[in-house]
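Visitor: I'd like to go through this model with you, one topic at a time. Could you take me through it as I ask?

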Amino acid sequence: MSGSPLAAADGNGMQQDPNCIFCKIARGEIPSRKVYEDDTIVAFHDISPVAPVHLLLIPKAHVPTLYETTAAHEAVLGRMLAIAGRLAREQGAADGFRTIVNTGRVGRQEVMHVHIHVIGGPDPLGPMIVRKVSQGD
Ligand code: 5GP
Ligand code: ZN
């Protein structure tokens, strides 16, 4: 189940949404600074980092939010978390980092393709990650 009427399986049986920016990054159609890729996940630098290290880990298959994940996604979700520490350390967050998964409107999720933020750097983060929000938000 994709959760999107536009999502369809590609030649490898992987769910893809042709209009999804992270699907395009996963396919290499939009450039990104990738730090890791295997058969089911991709990790790349956030285009608008909130800290010296700000990675996004995504499944290659299109899944909009944590509301659509099922037991079928356990392996890929586990793989993303399992590699987060290694990638954080490699990118310069060797003494701690924060993982965030924003979900839906209330969670202020902007890109509707499940992703884990890995945020850190040499110095401690603030108690909350604050992004500038436009008026009316
Ligand atoms: P969300 O608010 O959905 O949890 O986070 C989406 C994240 O994706 C944001 O931190 C934003 O900066 C990042 N982002 C949006 N578009 C792009 C893009 O085209 N490339 C990269 N690398 N990051 C993006
Ligand atoms: Zn997608």
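Visitor: Let's begin with R108: is it buried or exposed, or something in between?
Guide: This is a predicted model, and in it R108 is partly exposed, because its relative accessible area is 48%. R108 sits in the loop between strand 6 and strand 7, and although R108 is not a glycine, its phi is positive, at about 60°.

Visitor: Which residue after helix 2 has a positive phi?
Guide: That is G92, which follows helix 2 and has a phi near 115°.

Visitor: OK, now the metal. What coordinates the zinc ion (ligand 2)?
Guide: The zinc ion (ligand 2) is held by the SG atoms of C20 and C23 and by the ND1 atoms of H62 and H113, at 2.0 to 2.3 Å. Along the chain, these donors follow the spacing C-x2-C-x38-H-x50-H.

Visitor: And what's the geometry there?
Guide: The site of the zinc ion (ligand 2) is tetrahedral, with angles of 103 to 116° among its four donor atoms. For comparison, the ideal angle for four tetrahedral donors is 109.5 degrees.

Visitor: What does the pair C23 and H62 tie together?
Guide: C23 belongs to helix 1 (residues 21-27), whereas H62 is in the loop between strand 5 (53-59) and helix 2 (74-91), so the pair links parts that are 39 residues apart in sequence. Both C23 and H62 are buried.

Visitor: Back to helix 2, then. How does its span compare with what its residues should give?
Guide: The two agree: at 1.5 Å a residue, the 18 residues of helix 2 should span 26 Å, and the C-alpha atoms at its ends are 26 Å apart. Helix 2 also has a kink of about 40°, centred on A84.

Visitor: Which of its residues are buried, and what do they pack against?
Guide: The buried residues of helix 2 are V76, M80, I83, A84, L87 and A88. They pack against strand 3 (34-37), strand 4 (41-45), strand 5, strand 6 (97-100) and strand 7 (116-120). As background to that list, residues three or four places apart in an α-helix point the same way, because there are 3.6 residues a turn.

Visitor: Which residues touch the most other members in the largest nonpolar core?
Guide: Those are L57, L87 and V118, in a core of 17 residues. At least two residues of this core come from each of strand 4, strand 5, helix 2 and strand 7, and helix 2 gives the most, with six residues.

Visitor: What does V118 touch?
Guide: Setting aside residues up to four places away in sequence, V118 touches V53, H54, L55, L57, A84, A88, F97, R98 and T99. Apart from this core lies another one, of nine residues, among them C20, F22, F44 and L56.

Visitor: Staying in strand 7, what about I116?
Guide: I116 lies in strand 7 and counts as buried, because its relative accessible area is 6% and the cut-off for buried is under 20%. I116 and L57 are 59 residues apart in sequence, yet their C-alpha atoms are 5.1 Å apart in space. Leaving aside neighbours within four places in sequence, I116 is in contact with L55, L56, L57, M80, L81, T99, I100 and V101.

Visitor: And G120, buried or exposed?
Guide: G120, which is also found in strand 7, is buried, with a relative accessible area of 1%. Not counting residues up to four places away in sequence, G120 touches A51, P52, V53, A93, G96, F97 and L125. By contrast, G120 and Q109 are 11 residues apart in sequence and 20 Å apart in space, C-alpha to C-alpha.

Visitor: You listed G96 there; where is that one?
Guide: G96 is in the loop between helix 2 and strand 6, and at 38% relative accessibility G96 counts as partly exposed. G96 touches G120 and G121, again not counting residues up to four places away in sequence. The C-alpha atoms of G96 and G85, which are 11 residues apart along the chain, are separated by 8.5 Å.

Visitor: Last one: where does A71 lie, and is it buried or exposed?
Guide: A71 lies in the loop between strand 5 and helix 2, and at 57% relative accessibility A71 counts as exposed. Between the C-alpha atoms of A71 and T103, 32 residues apart along the chain, the separation is 18 Å.

Methods
Residues numbered from 1 in each chain as written. Chains lettered and ligands numbered in written order. Predicted model: local features only at pLDDT ≥ 70, side-chain atom pairs only at ≥ 80, totals over all residues. Heavy atoms only, no water. Donors = N, O, S within 2.8 Å, 3.2 Å for Na, K, Ca; no water. Tetrahedral: all angles 85-135°; square planar, octahedral: opposite > 155°, others 65-115°. Helix = DSSP H or I, 4+ residues; strand = E, 2+ residues; numbered from the N terminus. Buried < 20%, exposed > 50% of the residue type's maximum accessible area, 1.4 Å probe, protein only. Expected span 1.5 Å × (residues − 1). Bend = angle between axes of the 7 residues up to and from the residue. Contact = heavy atoms within 4.5 Å. Core = buried A, V, L, I, M, F, W, Y, C linked by side-chain atoms within 4.5 Å.
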